[in-house]
Number of protein chains: 4
Amino acid sequence: MIRTAIIGASGYTGAESIRILLKHPEVKLTYLTALPEECGKVSEIFPEFKGRCEMNIEPLDLSKLHDVSDVVLCCLPHKVSMGFVPKLLAAGQKVVDFSADYRLKDIGIYEKFYQVEHSDTENVKRAAYGLPELFRDEIEGKDLVANPGCFPTGAILAIAPLLKQRLIDPSSIIVSAVTGISGAGNKPMSKFHFPNMNDNLFPYGVGTHRHMPEMEQLAALVSGQKYAQVLFQPHAGPFDRGILSAIYTRPDVQVASEQLTELYHDFYASEPFVQVCSEAPAVKDVAHTNHCHVYPTVVKDTVVCFSAIDNLVKGASGQAIQNMNLIFGLEETLGLW
Amino acid sequence: MIRTAIIGASGYTGAESIRILLKHPEVKLTYLTALPEECGKVSEIFPEFKGRCEMNIEPLDLSKLHDVSDVVLCCLPHKVSMGFVPKLLAAGQKVVDFSADYRLKDIGIYEKFYQVEHSDTENVKRAAYGLPELFRDEIEGKDLVANPGCFPTGAILAIAPLLKQRLIDPSSIIVSAVTGISGAGNKPMSKFHFPNMNDNLFPYGVGTHRHMPEMEQLAALVSGQKYAQVLFQPHAGPFDRGILSAIYTRPDVQVASEQLTELYHDFYASEPFVQVCSEAPAVKDVAHTNHCHVYPTVVKDTVVCFSAIDNLVKGASGQAIQNMNLIFGLEETLGLW
Amino acid sequence: MIRTAIIGASGYTGAESIRILLKHPEVKLTYLTALPEECGKVSEIFPEFKGRCEMNIEPLDLSKLHDVSDVVLCCLPHKVSMGFVPKLLAAGQKVVDFSADYRLKDIGIYEKFYQVEHSDTENVKRAAYGLPELFRDEIEGKDLVANPGCFPTGAILAIAPLLKQRLIDPSSIIVSAVTGISGAGNKPMSKFHFPNMNDNLFPYGVGTHRHMPEMEQLAALVSGQKYAQVLFQPHAGPFDRGILSAIYTRPDVQVASEQLTELYHDFYASEPFVQVCSEAPAVKDVAHTNHCHVYPTVVKDTVVCFSAIDNLVKGASGQAIQNMNLIFGLEETLGLW
Amino acid sequence: MIRTAIIGASGYTGAESIRILLKHPEVKLTYLTALPEECGKVSEIFPEFKGRCEMNIEPLDLSKLHDVSDVVLCCLPHKVSMGFVPKLLAAGQKVVDFSADYRLKDIGIYEKFYQVEHSDTENVKRAAYGLPELFRDEIEGKDLVANPGCFPTGAILAIAPLLKQRLIDPSSIIVSAVTGISGAGNKPMSKFHFPNMNDNLFPYGVGTHRHMPEMEQLAALVSGQKYAQVLFQPHAGPFDRGILSAIYTRPDVQVASEQLTELYHDFYASEPFVQVCSEAPAVKDVAHTNHCHVYPTVVKDTVVCFSAIDNLVKGASGQAIQNMNLIFGLEETLGLW
């Protein structure tokens, strides 16, 4: 059994990780931590775990880590994570980090978008980017994996085959996405107060969302080009879970829908968690699963691709555990099926 | 034109009052106030009013009141309101007070449930209880009206004909109600954070809700008895607006459903805002209206009555404006139809 | 008082029209019709009208129309409407038609997208397109107005200033929109069965939606160009009312956000129902109103514009009544404020 | 591996059963059937199973059953089920029947409430009632188990300790419950059309719901008395999954809250799926689980008990699989944890 700790267990991704790991046959949850004011019995903080998990969430004691766990799911926020990850590694842990701190290889871009000096640039270089469908080889056996952002996961899986085949102009990518509100975290805010968010839908982060440079890095990398330009526009919608991405992009060569269908089926043929659909996907069909449904087509000379994921599962905790499975050489789908 | 001020305009009942009054043909909104940190342009605080209302919400200046307004809708919270109402009256205003401070005639019960000493007991005695369907005569021309609680409005309208006719045992009343989340106010809270409240429903205030003594006072008063006992159990449900009340009570004499139907039709025959339905009512049918749908029946020797109201309209701002119309001798339905 | 009939009153746009007209000071509802199987008391078909409207919905009797009404809101479906409109006109009625039958000036395009031969092409030529903000002069006094589609209303209002000023390439328009489910009508369908649609969001009509040619006709007309190409992608989201449109388009000249803000403020300065926002609009802020909130900006050399409307009000019944006001020379905002 | 068939696999309980059984370590799904018009690939009927289940749903061929399966989850509707169950038993199957056909021991009551002559009264006598927490001994090894109704499951678990101890008057039970809409099945209906049900909540089945006699049978049985009277009032609420029951009942002896807490903790001490809470439970905390959260208390001399379950899991498919585990002597929680 792999002994697993969750650092920052009191938020939504912490709860989702617990939820999944309680059913994982090769994992034993051994240590859950959070800020002192968020500690207590798991079953009181998340009443859904009553009778299912009798653990406590405790303040982090780094000195215990070495003795109790083999791997850490680090659910700390951006900017905070990089202060802890080196210590987790030093404590002999494998680390899957949920924050953005190890995702962007270009430190300058990180520092611009996150408005902070990066304090652990060495580990940025070593970290694998944890999108197994594209970077499986780099993840296997790795000790530090940067778990991808939820929006980049959905967007890039939707267009990866096009990028790899260089069928589209990588400077023409428009990602218009709608996310459920769990993506905003569990801290109450006026915008997401139920009577304000119910029956509502609105764009946010116009031109400024931090997942934009992450998508650009990925699109460039996957297409093997210097540079990609992504216009990413997120919206918040009145549901808990899920991201629906619609991606509009200009083909570089003439393409037909059937050709894309075939390409996608080939590309994802052996992927357990990516399904190529024959019509546009729906958020609810992937909710509470680690699956990504994709659908590519051509409309009026524009390539239009859709994807749906659960932001808390394939967009966060599920993918982290998929990465954890790869790190330890386990069956990739364990606990996630 | 009646010049109207809203004190405490930055919350949901303030916004609902503005919404209604903008369409009221005999009212001019002249003054909107709130705590300094909640002031600003109405259309920025509530973007729905963009292009519809160019007023500002300002910190309250009592010295201005006399010159700018005839009536105040006082949307201050419980305990705060009683500190202001005497000053509003002194400034020559008619006052419709939304708080509980002037509802409970028994100061001892008020002080027990609200855990505070009442500082304005004289005005409690003079205040009319603003449920026009039952106390219209006392409201007309009054200078201080205590606007009823949302739950008591729904519950008492559902059983008033029974109480008046002394058909039920006033110590046997069980009120099981579900409210939309706007009833909890606009302050963000973890419980009502969208991902927590969406798809959720739960009871709260078990045995302790402050609307329980208000219902008891009313039930006793309407039935002309010393004492009534109400077991009131509220639930919070995943919708913005509305209260559905189911009331279970033992008849004192044998009654049949048809008899109740007839009684209710007679009782509410000339009431514009109460409709007697031929089946159980639905929250959505009264949302955004000042109407109350009621339906009485008999099941297994128990009288079961249902009512539906919009908690922000008939349960708050709409009823306040209905009261305001009565105070000024206007057509009762003005602005509310 | 203008005597008004609603043909096809049993659907959502019929109900919304009744809701608005009950508060309209210059209109008297005189005749409501529907298919025989959908007839009955208004207050039974729509319980929200209990105590507010005692009319019946009856089967249409064309011979009565002349005597009872001056204007018809024709809420019949596409393809059906064109069979009735000539008869309504012959009965001396002014007609605001909600269907697509009189919107598309190019009969060939109509017949291709609606898969039917058009039976009333003469009236297509005469009909005004009822988007008052752009075609007010043609609507005033007209006897036949084609009420716009909900999506075209939102999309075109969002970019009309750009089109008029020829600032964008009219062949580069991508409209990505999310609509509430009332847009799909009141007929129960598996996709919109509550447990299927709740918490869900999905694209539909990929490459085929009938509002696409309507947008193209409008974009060409407004920009004064022969041809416009619009890629329109609708999504269905878990809310009742509202359309949020995000429009991505390439500028023909270099533009800056500030410049667009100014242009939009000028363009819509005297429009009561269009508000230019300083940030992206939200569906809930326009729900239950006839307002359209727009916001233009520039992101990475792409012009990005947003708009929010209520699909049943500004996208249907509200706009129809706005048109009706113009037809009769009334204050345009009457009943709609 | 236990080979399992699902008869009537195309509805919500069918889908939920598949969902659970795909993760059950000792079960192999071997046969899925439905009405011919509802057959097809599982992954097309329920797109959530894309890539997870490649089976087809086929028309039932009774002659195959013997060879392919050991147990049948019979998800057929009331009245239909009793026509099939004898044949399933004859084909050597263990049967867990989801319908009401084998729940009510009093055939007269069944025939009155279901308005049909019962065609299989012999098996009614033999069937175990599948509420494991109360009738575990009778279920183990049984070949026919009547899976309980969703409302009776929630209601009876909430008061079983009181009934067993004879602390309450079994003729005084009022059950006021709110269910999510999946409880109404997957057939589209006007009432549950998204724009009608969203933001709505309403009572239904006033005085007539068929789960009322089922609760009465259970309450009498558990309390060891001849007769119990339950006033059951269901409501439909705007969420997919879950039932929140509030039960009001008169104690026969004086009881205090603390005493009830202790009693419940003792009663459910070894039950994996029933948790005694220290405050009122919430529907969302049990959604997607087989757990039942209960909370008893005393308010004004009335015993008030609450329970929350997921109607599709503990109220249907989960409980069926719990029963299946018992039938085969497996760990009761297998696949359900």
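Domain bounds here come from an automatic or database domain assignment. The model is predicted, and local features need pLDDT of at least 70, side-chain atom pairs count only at pLDDT 80 or more, and totals for chains, interfaces and linings use all residues. Residues are numbered from 1 along each chain as its sequence is written, while chains are lettered from A and ligands numbered from 1 in the order in which they are written.

Q: What makes up domain 1 and domain 2 of chain A?
A: The assignment gives domain 1 the residues 2–148 + 315–327 and domain 2 the residues 151–311; their C-alpha centres lie 24 Å apart. With contact taken as C-beta atoms, placed from the backbone, within 7 Å, 19 residues of domain 1 of chain A and 21 residues of domain 2 of chain A take part.

Q: Why is Asp199(C) called buried?
A: A residue is buried if 20 or more other C-beta atoms lie within 10 Å of its own, exposed if 12 or fewer, and partly exposed in between, with C-beta atoms placed from the backbone. Asp199(C) has 21 such atoms within 10 Å, and is therefore buried.

Q: What is noted about phi in Asp199(C)?
A: Most residues other than glycine have a negative phi. Asp199(C), although not a glycine, has a positive phi of about 65°, and for His288(D), also a residue other than glycine, phi is positive and near 65°.

Notes:
Two residues are in contact if their C-beta atoms, placed from the backbone, lie within 7 Å.
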